[in-house]
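Me: I'm new to reading protein structures, and I'd like a close look at a single part of this one. Could you walk me through the place where the two chains touch?

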Amino acid sequence: MITLAVFALFGVLALAAAVLVIVQRNVMHSVLYLAFTVLATAGVFFTLQAEYLGAIQILVYGGGIVVLYIFVIIIVNLKEIVPERRKLIPKLFLVAVPVLLGAEVVTLVLRTGFPVAAACDEGTRFKEMAEMLLASYMAPFELASVLLLAVLIGAIIVARRKHIDDPD
Amino acid sequence: MIPIEAVVGLGLLIFTVGLAGVLVRKNLVVMLMSLELLLNGVNIILAGLGRHLKSPRGSIFALFVIIIAVSEAAVGFALVLAYFRHKKSYDTDVLSDLKG
């Protein structure tokens, strides 16, 4: 019961902050609400007994990605507010598409229902997760490390200045 | 005990908000943030289903999604920086020109 209450609290917080992320005009405010969303999502992970995911979420998202966003906004000095010149009707249409998509999936989920599983009772603790990650999912795990290395090199090459004496 | 429908609903709502952000906003940085929201919603669903099915696979898949999200953010920001250096703007309307 308490778990459900905590889940509802963090869920509502995450959802409200997510809405605020996309309606803010100032980008820096958006980033701060994104940090709020990420931390509330970590709380949701903790209530779902995915402690490892919650910790990774706080470390990687809260500590890495959000700080990266803030640095990029500072580096490029994002003072200008991009004018959102879309008319009202296209805007409403573009909001309606994801809303209808979400409503459709919710309807389908509620109609079909989920299987009461326990067919694959493999445990959800750290130990089972680590064993499965380093046994069954060894190849994707190693590929992920190669991907991260490629991203590191690629990001440096794309973002660097072409000439050292280039003023910007 | 958290009902699985509530978890899937929450993840789906956050996904919907992110999708609306990607479609409606014109600021490149806010669009990248909306992509993070999309991936967050998917991660909530994966974690909830992993707990529902009593399997660690949900957490493992969500872990891989986080790795991909980090890669996407890094490359996306590199592209935004290169683009800003070129055009001095973040507006996606300016981005639609093919001619540099």
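Reply: Happy to! Two residues are in contact if their C-beta atoms, placed from the backbone, lie within 7 Å. Keep in mind that this is a predicted model. On that basis, 60 residues of chain B are in contact with 69 residues of chain A.

Let's start on the chain B side. Three helices of chain B each give two or more residues to the side that touches chain A: α1 (4-24), α2 (28-52) and α3 (57-87). The most comes from α3(B), with 20 residues. Sorted by class, this side of chain B has 39 nonpolar, 13 polar and 8 charged residues.

Two packed helices are described by the angle between their axes and the distance between the axes. Helix α6 of chain A, residues 138-159, packs with α3(B) at an angle of about 10 degrees, and the axes are 9 Å apart. Angles under 35 degrees count as roughly parallel, so α6(A) is roughly parallel to α3(B). Among the residues making this contact are Leu147(A), Leu148(A) and Val151(A) from α6(A), and Phe64(B), Ile67(B) and Val75(B) from α3(B). The contact of these two helices has 16 nonpolar residues, 2 polar ones and no charged ones.

Finally, pick out one residue: Val80(B), which sits in helix α3 of chain B. Val80(B) counts as partly exposed because it has 19 C-beta neighbours inside 10 Å. Setting aside neighbours within four places in sequence, Val80(B) is in contact with Val72(A), and also with Leu28(B) and Val29(B).

Notes
Residues numbered from 1 in each chain as written. Chains lettered and ligands numbered in written order. Predicted model: local features only at pLDDT ≥ 70, side-chain atom pairs only at ≥ 80, totals over all residues. Helix = DSSP H or I, 4+ residues; strand = E, 2+ residues; numbered from the N terminus. Nonpolar A, V, L, I, M, F, W, Y, C, P; charged D, E, K, R; others polar. Axes fitted to C-alpha atoms, helices over the stretch in contact; angles between N-to-C directions. Parallel < 35°, antiparallel > 145°, perpendicular 65-115°, else oblique. Buried ≥ 20, exposed ≤ 12 C-beta atoms within 10 Å, placed from the backbone.
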